[in-house]
Amino acid sequence: MNLRSSTALAAERDADHRAFVRAVLLCFLVVAMVYVVNSLSIATEFARNGDARPAYYSWVLEGTAISAMLVLIPSILWLGLRFPFERGRWRMALAVHLVGVLLYAVLQVALMSGFRALVWPPIFDRPFGYGDTLWGTFVYEFRKQAAAYLGYQLILS
């Protein structure tokens, strides 16, 4: 390998790294915007329904979900870098990403639930409860997490 090709590889690696960092930052920005919109929307729904929960309830509720998402974004984007949808590789990428989205959803729901189990008692003086079966909760959350996963991959691409 000559000096020129070594320099070109280093420049390509640097460009890839910068692109990855930008994708992570953009995903964080989008997640922050979703946090604000969802928190305000939930608070609005509570007010419309006459629900007397504290004003910060929706921010804590969404904050635990968003915190779990932020922890997982770099890993999800790394998976997208390693398995891009390219000609000749799309079948493998599809299989990896189908497993990836399931794993992401499971981890996100587990982290979110763990965060809620930790913060709910000291903040609201009671444990957090979903009010649904484990399967019902997963299906409800999976829809949202699958859309987020796809969005992360689109930002990366």
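Author: Start with Val30, which sits in helix 1, residues 3-48. Keep in mind that the model is predicted. Is Val30 buried or exposed, or partly exposed? Val30 has a relative accessible area of 31%. Buried would need under 20%, and exposed over 50%. Val30 is therefore partly exposed.

Val30 also has a part in a surface patch. The patch is nonpolar and covers about 400 Å². Leu26, Leu29, Val30, Met33 and Val34 make it up. Patch residues need over 30% relative accessible area, and Val30 has 31%.

Now to helix 2. Glu62 is found there. Its relative accessible area is 9%, so Glu62 counts as buried. Glu62 and Val37 lie 25 residues apart in sequence. In space, their C-alpha atoms are 9.8 Å apart.

Helix 2 spans residues 57-82, and helix 3 spans residues 90-124. The two pack at an angle of about 150 degrees, with axes 8 Å apart. Angles over 145 degrees count as roughly antiparallel, so helix 2 is roughly antiparallel to helix 3. The crossing of helix 2 and helix 3 is right-handed.

Asp125 is not a glycine, yet its phi is positive, at about 60 degrees. Most residues other than glycine have a negative phi. Asp125 has 72% relative accessibility, so it counts as exposed. Glu62, in contrast, is buried.

Terms used:
Residues are numbered from 1 along each chain as its sequence is written. This is a predicted model: local features need pLDDT of at least 70, side-chain atom pairs count only at pLDDT 80 or more; totals for chains, interfaces and linings use all residues. Side-chain values use heavy atoms; hydrogens and water are left out. Patches are made of residues with over 30% relative accessible area and no salt bridge: like charges are joined within 9 Å, nonpolar side chains (Val, Leu, Ile, Met, Phe, Trp, Tyr) within 5 Å. Accessible areas come from the Shrake-Rupley method with a 1.4 Å probe; for residues, only the protein chains shown count as cover. A salt bridge is a side-chain nitrogen of Lys or Arg within 4 Å of a carboxyl oxygen of Asp or Glu. Helices (H or I, at least four residues) and strands (E, at least two) are DSSP runs, numbered from the N terminus. Buried means under 20% relative accessible area, exposed over 50%, partly exposed in between (1.4 Å probe, protein chains only). Axes are lines fitted to C-alpha atoms, for helices over the stretch in contact, and angles run from 0 to 180 degrees between N-to-C directions. Angles under 35 degrees count as roughly parallel, over 145 as roughly antiparallel, 65 to 115 as roughly perpendicular and the rest as oblique. A crossing is left-handed if the near helix is turned anticlockwise from the far one by less than a right angle, and right-handed if clockwise.
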